[in-house]
Amino acid sequence: MLLLLMLAWPVPAVAALVLMALALRDRGRRRAGWSLSAAALCAAIAAYGYGLGSTTFGAWTDPDDRCGLVRPDLYAYGHRGPEGGAQSMWPLHDTTCGPDLVPGFVNPLVAGSVALCAASLLIMVVVTIRARRRAA
């Protein structure tokens, strides 16, 4: 699953752009709010996949080969990564080959997109409930 997310992160990125365009086209309608929520979720998935693709998580080789794959300029000729390196899925970071391989914008973008998605979903649920109460 992680390998698919690493390779296919442009798909949810394009979906986020399409959903945002649909939301802008449907201004003033409730459907626009749901599209914005879905666009924020797709943006979070795309950002996480992009960040995951810049790490060594997907490489199923030994640590020396992984460092050679992601940083060939620094780890040529069998240079080993640092002993204190670590990987984490959240917040996403990978220091097995020295400096963090995940770009600095990935974790804030994922967290912000998830928060935006949750807030817009909550707003849309409240708006839908109020609209049904008025109609009844």
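Against which elements do the buried residues of α5 pack? In this predicted model, the buried residues of α5 pack against α3 and against β2, the strand of residues 92-94.

The chain has 5 helices and 2 strands, and from the N terminus on its elements run α-α-α-α-β-β-α. Of the 136 residues in the chain, 32% are buried, while the accessible surface comes to about 8600 Å², of which 68% belongs to carbon and sulfur atoms. Among contacts between residues at least 6 apart in sequence, 60% join residues at least 24 apart.

Helix α5 covers residues 106-135. Its 30 residues should span 44 Å at 1.5 Å a residue, and because its end C-alpha atoms are 43 Å apart, the model agrees with that expectation. The buried residues of this helix are Val106, Asn107, Val110, Ser113, Cys117, Ser120, Met124 and Thr128. Asn107 counts as buried because its relative accessibility is 19%, which falls under the 20% cut-off. Leaving aside residues up to four places away in sequence, Asn107 touches Trp90, Pro91 and Leu92.

Two of the buried residues of α5, Val106 and Val110, also belong to the largest nonpolar core, which has 9 residues: Met6, Ala47, Tyr48, Leu52, Phe57, Leu92, Val102, Val106 and Val110. Helices α3 (residues 30-53) and α5 each supply at least two residues of this core, and the largest share, 3 residues, comes from α3. In soluble globular proteins, nonpolar side chains tend to be buried together. Val102, another member of the core, touches Gly51, Ser54, Thr55, Leu92, His93 and Asp94 when residues up to four places away in sequence are not counted.

Trp9 lies in the loop between α1 (residues 2-7) and α2 (residues 10-25), whereas Tyr50 lies in helix α3, so the pair ties together parts that are 41 residues apart in sequence. Trp9 counts as partly exposed because its relative accessibility is 28%, and Tyr50, with a relative accessible area of 33%, is partly exposed too. Together with Phe105, Trp9 and Tyr50 form one aromatic cluster.

Technical notes. Residues are numbered from 1 along each chain as its sequence is written. This is a predicted model: local features need pLDDT of at least 70, side-chain atom pairs count only at pLDDT 80 or more; totals for chains, interfaces and linings use all residues. Side-chain values use heavy atoms; hydrogens and water are left out. Helices (H or I, at least four residues) and strands (E, at least two) are DSSP runs, numbered from the N terminus. Buried means under 20% relative accessible area, exposed over 50%, partly exposed in between (1.4 Å probe, protein chains only). Contact means heavy atoms within 4.5 Å. A nonpolar core is a set of buried Ala, Val, Leu, Ile, Met, Phe, Trp, Tyr and Cys residues joined through side-chain atoms within 4.5 Å. Accessible areas come from the Shrake-Rupley method with a 1.4 Å probe; for residues, only the protein chains shown count as cover. The expected span of a helix is 1.5 Å times one less than its number of residues. Rings of Phe, Tyr and Trp (its six-membered ring) pair if their centres lie within 6.5 Å; planes under 30 degrees apart count as stacked, over 60 as edge-to-face and the rest as tilted.
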